[in-house]
Structure formats: structure tokens, C-alpha cells
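Visitor: Could you walk me through this structure? I'd like to hop between topics as they come up.

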Amino acid sequence: MTPKELFLFDLWGYVVIEDVLTPEEVAAANAAVEHHLDLVQKRKPGLSQGADNLIAATGRGEFSQNPLTFERPWCEPFRRMLVHERIVGIFNEILGTGFRLDHGPGLIQMDDETEGHRLHGGMTFDLSQYHGFDHGKMHCGLCVAAWQLTDVEPGDGGFACIPGSHKSNYRPALDVLMLDADWGCVEQVVAPAGSVVIFNEALVHGTLPWQPADRLRRSILFKYSPGFMSWGSPHEKCPIADPTPEEEAIYQSPRRTGRTALGEV
Ligand SMILES: O=C(O)CCC(=O)C(=O)O
């Protein structure tokens with residue numbers, strides 16, 4: 001993690017890292033999604049939770065099968081993201097070595113008729129989603145690598161958050177979470193295709209409706225936890241039929257001791 005990434009992630013609770021995937025890797029990931037469009041199912045609307053500014057006709061598109069289990073070559077772009085050296089370096093720093101895949105990968109596909117997701121996260125004492133600083137080092141709970149397969153430009157919608165709210169002490173008003181009131185603190189996050197948005201689930205965040213009529217939003221989210229804990233139900237085993245040692249390691253069950261760490265530690 002560069003000093004700039006470390007500073008911004010600590011300050012804001014998220015950071016955008018550009019050019020992690022090459023244009024060829026982005027194209028291969030999009031081709032894998034398009035080859036499996038029959039597995040992209042529209043979620044029943046409801047994530048807007050009644051917020052007038054987020055309601056729309058349909059729910060977001062999600063994979064009904066784990067893309068890590070697609071046949072070759074279609075699984076390969078997602079398997080590369082799972083243990084990508086860039087995110088391994090970042091999560092070793094913020095989650096600690098021996099971090100694990102908590103859940104995902106999950107697709108978020110949106111068109112201009114897709115509802116948003118009310119702001120959520122943070123604001124409570126939660127020992128699975130947190131941000132702290134102790135002994136000269138940042139310590140985080142559940143964090144996300146959201147890979148961008150399409151461009152997200154200013155005004156497009158998509159991922160939005162209240163920067164710095166992972167450390168805030170007061171709960172924003174419900175009106176703000178519903179986007180009925182604008183206190184000037186909600187930011188739509190701009191991120192080009194090929195970038196990865198790293199964010200802390202303790203951050204107040206959600207989804208704005210997607211505006212472009214001529215472009216989809218497509219993001220793949222992998223959620224990781226420190227090695228000792230699990231936010232979701234722990235995996236019974238790695239679902240990949242021919243896992244590499246790194247893939248096996250990232251699927252270890254949650255425990256404090258005896259972990260195999262990824263990357264250089
Ligand atoms: O990327 C998004 O649109 C929001 C994702 C989200 O809310 C979450 O993963 O908790």
C-alpha cells in the first residue's frame with residue numbers, strides 16, 4: 001500500500017486504485033459476464049427501503065452462481081481478482097496477514113431502471129465492521145474490493161458514501177440515509193474501468209440509481225475479513241475444483257492460529 005493509499009483510506013474509509021486491471025483483463029471479465037448472462041438474475045426491488053430518490057422499476061443484476069466456479073477460461077478473470085497481488089498487499093496492511101475471503105464474489109449490474117440501495121453501515125458498535133488505530137497501525141473489520149468492469153463518471157450514480165463516516169461518532173439523520181436531505185456529505189465515487197475501490201464496511205455507504213442509458217454499471221465485489229473472524233457463514237470448503245495454494249489459503253476457516261498468509265509478509 002503506498003503512503004497515499006494508506007493516508008486516504010484511513011481518512012475517508014475508502015480509496016480508489018486505478019489501473020489495477022489491464023484493458024485486456026477488463027474485456028475478459030466483461031466477456032465472462034456476457035457469456036453467462038443467463039446466470040445474471042435481477043434481484044427483487046427492495047434495497048431502496050422506501051427512499052423516494054432511490055426507488056426504481058427493477059432490482060440490480062446479481063450472479064446466481066459463484067463465478068469462481070465457471071468453466072475455464074471464464075473463471076480466470078475472477079480467480080485473478082480473488083488473490084490479486086495488489087489487493088493482497090492492501091489487505092495484509094489493513095486486515096492483517098492471514099486475512100480471509102468472507103463472502104463473495106458478487107456482481108452488481110445496473111442499468112438506468114435499477115433502484116439504488118439506501119445508505120447503511122457504520123454508526124453502531126460492531127466488532128465485525130470497524131476501523132481502529134493502535135500500536136502505530138490501522139486495524140479494520142470486514143472490507144471490500146469492488147472491481148470496476150465499466151467506467152463510473154461524475155453524475156453516473158453507483159457506489160456512494162459519506163467519506164470519514166467509518167470514524168464518526170454520531171448517526172446521520174434517517175433523511176440523509178434516505179437521501180431526502182442533502183447535508184453535503186454524500187459523495188458519488190468516480191472510478192474508471194480497471195480500478196478497484198477498497199472500502200471499509202464500517203463506512204456509511206450505499207448505491208445511487210444508475211443514470212447512463214447507454215452504459216451499464218458492472219462491479220464485482222469480494223469481501224474480506226481478518227483471519228480470526230467471519231461476518232458471514234464460514235465456507236465449508238474452497239468451491240474451486242483445482243485451487244492454487246493461494247486460493248486454498250484465502251478460503252481457510254476463521255481462526256486465530258495456524259494461518260497460511262498470502263504475499264510477502
Ligand atoms: O457498490 C455498491 O453499489 C454498494 C455495495 C454495498 O452496499 C455493499 O456491498 O454493502
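Visitor: Where is glutamine 49 found?

Guide: In this predicted model, glutamine 49 is found in the loop that runs between strand 2 (40–42) and strand 3.

Visitor: And what is its phi, for glutamine 49?

Guide: Phi of glutamine 49 is near 50°, which is a positive value in a residue other than glycine.

Visitor: How does glutamine 49 count in terms of accessible area?

Guide: Glutamine 49 is partly exposed, because its relative accessible area is 42%, and partly exposed covers what lies between under 20% for buried and over 50% for exposed.

Visitor: Which loop holds leucine 179, and what is its phi?

Guide: Leucine 179 is found in the loop between helix 5 (174–177) and strand 10 (187–188), and its phi is near 60°, again a positive value in a residue other than glycine.

Visitor: Is leucine 179 buried or exposed?

Guide: Leucine 179 has a relative accessible area of 18%, so it is buried, given that the cut-off for buried is under 20%.

Visitor: Switching to peptide bonds: what is the one from arginine 72 to proline 73 like?

Guide: The bond from arginine 72 to proline 73 is cis, with omega near 5°, and proline 73 is found in the loop between strand 3 (61–63) and helix 3 (76–82).

Visitor: And what about glycine 104 to proline 105?

Guide: That peptide bond, from glycine 104 to proline 105, is cis with omega near 0°, but here proline 105 has its place in strand 4, which covers residues 100–110.

Visitor: While we're in strand 4, what does the side chain of aspartate 102 reach?

Guide: Aspartate 102, which is found in strand 4, reaches the backbone nitrogen of glycine 232 with its side chain at 2.9 Å, and a polar contact of 2.8 Å joins the side chains of aspartate 102 and histidine 103. Aspartate 102 counts as buried because its relative accessibility is 1%.

Visitor: OK, ligand time. Which residues are around it?

Guide: The residues around the ligand are Ile108, His117, His120, Phe159, Phe199, Glu201, His205, Gly206, Thr207, Arg217, Leu221 and Lys223. Strand 5 (117–120), strand 12 (205–208) and strand 13 (217–225) each supply at least two residues of that shell.

Visitor: How far are the polar side-chain atoms of threonine 207 and arginine 217 from the ligand?

Guide: A polar side-chain atom of threonine 207 lies 2.5 Å from an oxygen atom of the ligand, and for arginine 217 the corresponding distance to a ligand oxygen is 2.8 Å. For glutamate 201, an N or O atom in the side chain is 3.2 Å from an oxygen atom of the ligand.

Visitor: How much of the ligand does the protein bury?

Guide: Taken alone, the ligand exposes 290 Å², and the protein buries 94% of that.

Visitor: Which pocket does the ligand sit in?

Guide: The ligand sits in the largest pocket.

Visitor: You mentioned strand 13; is serine 219 there buried or exposed?

Guide: Serine 219 has its place in strand 13 and counts as buried, because its relative accessibility is 0%.

Visitor: How many aromatic pairs does a search of the whole structure find?

Guide: A search of the whole structure finds 9 aromatic pairs. Tryptophan 12 and tyrosine 14 form one that is stacked, at 5.4 Å centre to centre and with 20° between the planes.

Visitor: Why do tryptophan 12 and tyrosine 14 count as they do for accessibility?

Guide: Tryptophan 12 counts as partly exposed because its relative accessibility is 30%, whereas tyrosine 14, at 3%, therefore counts as buried. Phenylalanine 63 and phenylalanine 70 form an edge-to-face pair, 5.4 Å centre to centre with 90° between the planes, and both phenylalanine 63 and phenylalanine 70 are buried.

Visitor: Which residues do ring pairs link into a cluster?

Guide: Ring pairs link Phe91, Phe99, Phe222 and Tyr224 into a cluster. Phe91 also belongs to helix 4 (residues 85–94), where Ile87, Val88, Ile90, Phe91, Asn92 and Ile94 are buried.

Visitor: What comes just after helix 4?

Guide: Just after helix 4, glycine 96 takes a positive phi of about 100°.

Methods: Residues numbered from 1 in each chain as written. Predicted model: local features only at pLDDT ≥ 70, side-chain atom pairs only at ≥ 80, totals over all residues. Heavy atoms only, no water. Phe/Tyr/Trp six-rings, centres within 6.5 Å; stacked < 30°, edge-to-face > 60°. Buried < 20%, exposed > 50% of the residue type's maximum accessible area, 1.4 Å probe, protein only. Near = heavy atom within 4 Å. Polar contact = N/O pair within 3.5 Å; in protein donor to acceptor, adjacent residues only side chain to side chain. Areas by Shrake-Rupley, 256 points an atom, 1.4 Å probe, with all protein chains shown as cover. 1 Å grid on protein atoms, 1.4 Å probe; cavity = no way out; pocket = protein on both sides within 12 Å on 5 of 7 lines; lining within 4 Å. Sits in = over half its atoms within 2 Å of the grid points. Helix = DSSP H or I, 4+ residues; strand = E, 2+ residues; numbered from the N terminus.
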